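This report sets out the computed features of one protein chain. Please consult the sequence and the model shown below while reading.

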Amino acid sequence: MTKDHGSSVKSDETYEALREDGASKEKAARIANAQASDDMAPGKTGGKHPPYEEWTRDELYDQARSIGIEGRSDMTKDELIEALRAH
């Protein structure tokens, strides 16, 4: 039976499936809420940014800083990409 995660998670079933697959609580909630929203169609619209591999290290660093990834100042470009994708 699916647990109720309160009003902050709009699709409890999707949230739990993502958590079981290893997604963080924050990432699972973001995706579950986006999929439950009639205004959003994640996976269908695609991103508006180029892939991280085309970003400069400074751009990746700024993105990591904006979402609060710790240890970013010591990371290489590849490590920043990995951290951003895992977030």
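## Helix H1

On helix H1, the face turned away from the buried side carries the exposed residues Glu-13 and Glu-20. Here exposed means over 50% relative accessible area, buried under 20%, and partly exposed in between, with a 1.4 Å probe and protein chains only. The buried residues of H1 are Asp-12, Tyr-15 and Leu-18. Viewed down the axis of H1, these buried residues fall within an arc of 130°, so they line one face of the helix; the arc is that of the directions from the helix axis to the C-beta atoms.

Asp-12 belongs to H1, which spans residues 12-20. Asp-12 counts as buried because its relative accessible area is 17%. Asp-12 and Ala-32 are 20 residues apart in sequence, and their C-alpha atoms are 7.4 Å apart in space. Just after H1, Gly-22 adopts a positive phi of about 105°.

## Basis and overall architecture

The model is predicted: local features need pLDDT of at least 70, side-chain atom pairs count only at pLDDT 80 or more, and totals for chains, interfaces and linings use all residues. Residues are numbered from 1 along each chain as its sequence is written, and side-chain values use heavy atoms, with hydrogens and water left out.

The chain has four helices and zero strands, and its elements run α-α-α-α from the N terminus on. Helices (H or I, at least four residues) and strands (E, at least two) are DSSP runs, numbered from the N terminus. Of the 87 residues in the chain, 25% are buried.

In H4, Leu-80, Ile-81, Ala-83 and Leu-84 are buried. These buried residues fall within an arc of 165° when seen down the axis of H4, so they line one face of the helix. The face turned away from that buried side carries the exposed residues Asp-78, Glu-82 and Ala-86.

Glu-82 lies in helix H4 (residues 77-86) and counts as exposed because its relative accessibility is 61%. Together, Asp-74, Asp-78, Glu-79 and Glu-82 form a patch of negative charge on the surface. Such patches are made of residues with over 30% relative accessible area and no salt bridge, like charges being joined within 9 Å and nonpolar side chains (Val, Leu, Ile, Met, Phe, Trp, Tyr) within 5 Å. Asp and Glu count as negative, Lys and Arg as positive, while His and the chain ends are not counted.

## Salt bridges

A salt bridge requires a side-chain nitrogen of Lys or Arg within 4 Å of a carboxyl oxygen of Asp or Glu. By this rule there are two salt bridges. In one of them, Arg-85 pairs with Glu-53, the closest N and O atoms being 2.9 Å apart. This pair links distant parts of the chain, 32 residues apart: Arg-85 is in helix H4, and Glu-53 is in the loop between helix H2 (25-36) and helix H3 (57-67). Arg-85 is partly exposed at 43% relative accessibility, and Glu-53 is partly exposed at 45%.

Arg-65 forms a salt bridge with Asp-62, with the closest N and O atoms 3.4 Å apart. Both residues lie in helix H3, three residues apart, about one turn of the helix. An α-helix has 3.6 residues a turn, so residues three or four places apart point the same way. Arg-65 is partly exposed at 45% relative accessibility, as is Asp-62 at 37%.

Note on methods:
Areas by Shrake-Rupley, 256 points an atom, 1.4 Å probe, with all protein chains shown as cover. Charge placed at Lys NZ, Arg CZ, Asp CG, Glu CD.
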